[in-house]
Amino acid sequence: MLAFERKDKILSEIKKNKKVHVSQLAKIFNVSEETIRRDLDKLEKEGIVDRSYGGATLSQHTNEDLPYATRNVIKVEEKKKIATKTTSLIKTGDSLIADTSSTVFEALNLLVREKENLTIITNSITAVDLLSKFKVHLILTGGTLRTKSNSLIGSDAANTISRYFVDYAIISCKGLTMENGITDSNEPEAEIKNHMLERANKVILVADSSKFDKNAFIKIVDISEIDYLITDQEPTHEWQQFLKEKDVTLIY
């Protein structure tokens, strides 16, 4: 198992159990305890976990904002499942606006290989690097570079977005609850997502199951403002009823 794969699975263990022990992880992954300690030390430096004696606990901050390189290796399989469902909604010739999330990136990665004549507007530097290799009409928002997420933000990005109307907006989030809606970890990117939603005929939210029943730092919109919610596994019956009442199409 490669180091980044082990790191992803360690994160899954921490998110599932809230706390992990070095000795247990060493047995699970068949590596030395020293290797696990190094893995946990790296996760602590990235702000994902808090180290404790003999193990680690999940860091619980509503404004936790992980670097893109870290987010890109977390829950990779779940994101790919979501991406395959996203492509079923998009048709050849559609226009899209897409945020900087790693889940949206996976969707775009499939879309440009399966659909033709797409127009894609994005504020993601990472996505531009991918999309420039394919035959798409690509529009980059411009704006101020936020290096932590490889995103373009600010008034220039917002002004560019305001010039266009698109078929679909595809966004992700850090959390969603029935009470507080869809939330994110930082204000500048939440503002850009709001502008994206305003310019779209239909809104697709892509969010893996770990995002449910969690609040992040700042609200983006109410759940009733989206049209589709795509996730990796079946939500609870309560969630399914809630989404039906809000006229949101659930896909999993």
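**Strands, salt bridges and a buried serine**

Across the protein, pLDDT averages 90, and 92% of the residues score at least 70. The model is a predicted one. Confidence is not even along the chain. Over residues 68–73, pLDDT stays under 50. For this stretch the model has 20 contacts beyond four places in sequence.

Strand pairing was examined next. Strands of a sheet pair through backbone hydrogen bonds, either parallel or antiparallel. An open sheet is built from 3 strands in the order E10-E11-E13, and its pairing is antiparallel. Strand E10 (175–177) and strand E13 (218–221) stand at the edges. Each has a single partner strand, so one side of each lacks a neighbour in the sheet. On average, neighbouring strands of this sheet are turned by 35 degrees against each other, direction ignored.

Strand E11 covers residues 181–184 and is joined to E13 by 3 bridges. These two strands run antiparallel. Within E11 and E13, Ile 182 stands opposite Val 221. Helix H9 (residues 187–198) lies across E11 and E13. Its direction is at about 10 degrees to E13.

Val 49 has Leu 58 in E3 as its bridge partner. The hairpin of E2 and E3 has 2 residues between the strands. In this hairpin, Gly 54 takes a positive phi near 80 degrees.

Side chains of opposite charge can pair when their charged atoms come close. The whole structure holds 11 salt bridges. In one of them, the side chains of Arg 6 and Asp 39 meet at 2.6 Å, N to O. Arg 6 and Asp 39 are both buried.

Helix H3 also contains Glu 33 and Arg 37. Glu 33 forms a salt bridge with Arg 37, and the closest N and O atoms are 3.2 Å apart. The two residues are 4 residues apart in the helix, which means that about one helical turn separates them. Glu 33 counts as partly exposed because its relative accessibility is 35%. Arg 37 is partly exposed too, with a relative accessible area of 33%.

Asp 222 and Lys 219 form another salt bridge through their side chains (2.4 Å, N to O). Asp 222 has 36% relative accessibility and so counts as partly exposed. Lys 219 is likewise partly exposed, at 39% relative accessibility. Elsewhere, salt bridges that share partners join Asp 99, Lys 174, Asp 184 and Lys 193 into one network.

One serine was followed in detail. Ser 151 sits in strand E8 (residues 151–153). Its relative accessible area is 0%, so Ser 151 is buried. The side chain of Ser 151 makes a polar contact with the side chain of Ser 149 at 2.6 Å. Ser 151 also has contacts beyond its neighbours within four places in sequence. These partners are Thr 100, Asn 123, Thr 144, Leu 145, Arg 146 and Glu 189.

Technical notes
Residues numbered from 1 in each chain as written. Heavy atoms only, no water. Buried < 20%, exposed > 50% of the residue type's maximum accessible area, 1.4 Å probe, protein only. Polar contact = N/O pair within 3.5 Å; in protein donor to acceptor, adjacent residues only side chain to side chain. Contact = heavy atoms within 4.5 Å. Pairing = 2+ DSSP bridges. Axes fitted to C-alpha atoms, helices over the stretch in contact; angles between N-to-C directions. pLDDT = per-residue confidence, 0-100. Salt bridge = Lys/Arg side-chain N within 4 Å of Asp/Glu carboxyl O.
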